[in-house]
Amino acid sequence: MDIFRQQKYLARAVIVLVLLNIGLISFFVWKELRPHHKPLLFPKNEAYKDLSGILKRELQLDEKQAQQFSTIREDYYRKEIVLKQKIKDNKDAMNAAMFNKDTDEHKIIGLARQTANFEYEMELLRYRQAKELKLVCTPEQQEKFEVLVKEIRDYFRPDNQPTRR
């Protein structure tokens, strides 16, 4: 009688293991067969910075639109450089003032406020650029652009960049 019970347990264990194997195999086959979303950007270890090329290809911009995109981006890039330099200079001045022997609190607060204003200008600048870029696009391109901007943002996140050695 004990032998029959042992065989019954072994048969059940084999059936459970077979079902688990079938389940795992099915899962891996399903995972391989489902459509993969290919990233629009290159792997993070490659040094690929031609954002204009990505935009032109993925949004299917014509030559006129591509030229307008380049002009808008170059114009705002120059403005952004100036603002970044002002922010850097303010932060340097603020650090110097904070660690100076005779700390002038009013000067530091003024520099902090001025730095915040420059940061605000930077965000407004980005908003104006986005507005101008959207005006160049057709409604279909604007829909693609919305998805593309999210992927570009995720790609260039600091935690998504290769580590420097």
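**Overall fold**

The structure is a predicted model. The chain holds 5 helices and 0 strands. Read from the N terminus, its elements run α-α-α-α-α. Of the 165 residues in the chain, 21% are buried. The accessible surface of the chain comes to about 13,600 Å². Carbon and sulfur atoms account for 59% of that surface.

Contacts can also be sorted by separation in sequence. Among contacts in the chain with a separation of 6 or more, 71% join residues 24 or more positions apart.

**Helices α2 and α3**

Two packed helices are described by the angle between their axes and the distance between the axes. Helix α2 covers residues 51–59. Helix α3 covers residues 63–98. The two pack at an angle of about 145 degrees. Their axes lie 11 Å apart. The crossing of α2 past α3 is right-handed.

Which residues meet where α2 and α3 come into contact? From α2 come L51, S52, L55, K56 and L59. From α3 come E63, A66, F69 and R73.

| Residue | Helix | Relative accessible area |
|---|---|---|
| V18 | α1 (residues 2–33) | 41% |
| E80 | α3 (residues 63–98) | 17% |
| Q141 | α5 (residues 139–155) | 7% |

Is E80 buried or exposed? E80 counts as buried, because its relative accessible area is 17% and the cut-off for buried is under 20%. Leaving aside residues up to four places away in sequence, E80 touches M122, L125 and R126.

Q141 sits in helix α5. Q141 is also buried, because its relative accessibility is 7%, again under 20%. With residues up to four places away in sequence not counted, Q141 touches L59, Q60, L61, Q65 and V136. One of these, L59, belongs to α2 and takes part in the contact with α3.

V18 lies in helix α1. V18 is partly exposed, because its relative accessible area of 41% falls between the 20% and 50% cut-offs.

**A nonpolar surface patch**

V18 is also part of a nonpolar patch on the surface. The patch is formed by V14, I15, V18, L19 and I22. Together these residues have about 470 Å² of accessible area.

**In short**

The predicted chain has 5 helices. E80 is buried in α3, and Q141 is buried in α5. V18 is partly exposed and belongs to the nonpolar patch.

Note on methods. Residues numbered from 1 in each chain as written. Predicted model: local features only at pLDDT ≥ 70, side-chain atom pairs only at ≥ 80, totals over all residues. Heavy atoms only, no water. Helix = DSSP H or I, 4+ residues; strand = E, 2+ residues; numbered from the N terminus. Buried < 20%, exposed > 50% of the residue type's maximum accessible area, 1.4 Å probe, protein only. Contact = heavy atoms within 4.5 Å. Patch = residues over 30% accessible without salt bridge, like charges linked within 9 Å, V, L, I, M, F, W, Y side chains within 5 Å. Areas by Shrake-Rupley, 256 points an atom, 1.4 Å probe, with all protein chains shown as cover. Salt bridge = Lys/Arg side-chain N within 4 Å of Asp/Glu carboxyl O. Axes fitted to C-alpha atoms, helices over the stretch in contact; angles between N-to-C directions. Left-handed = near helix turned anticlockwise from the far one by under 90°.
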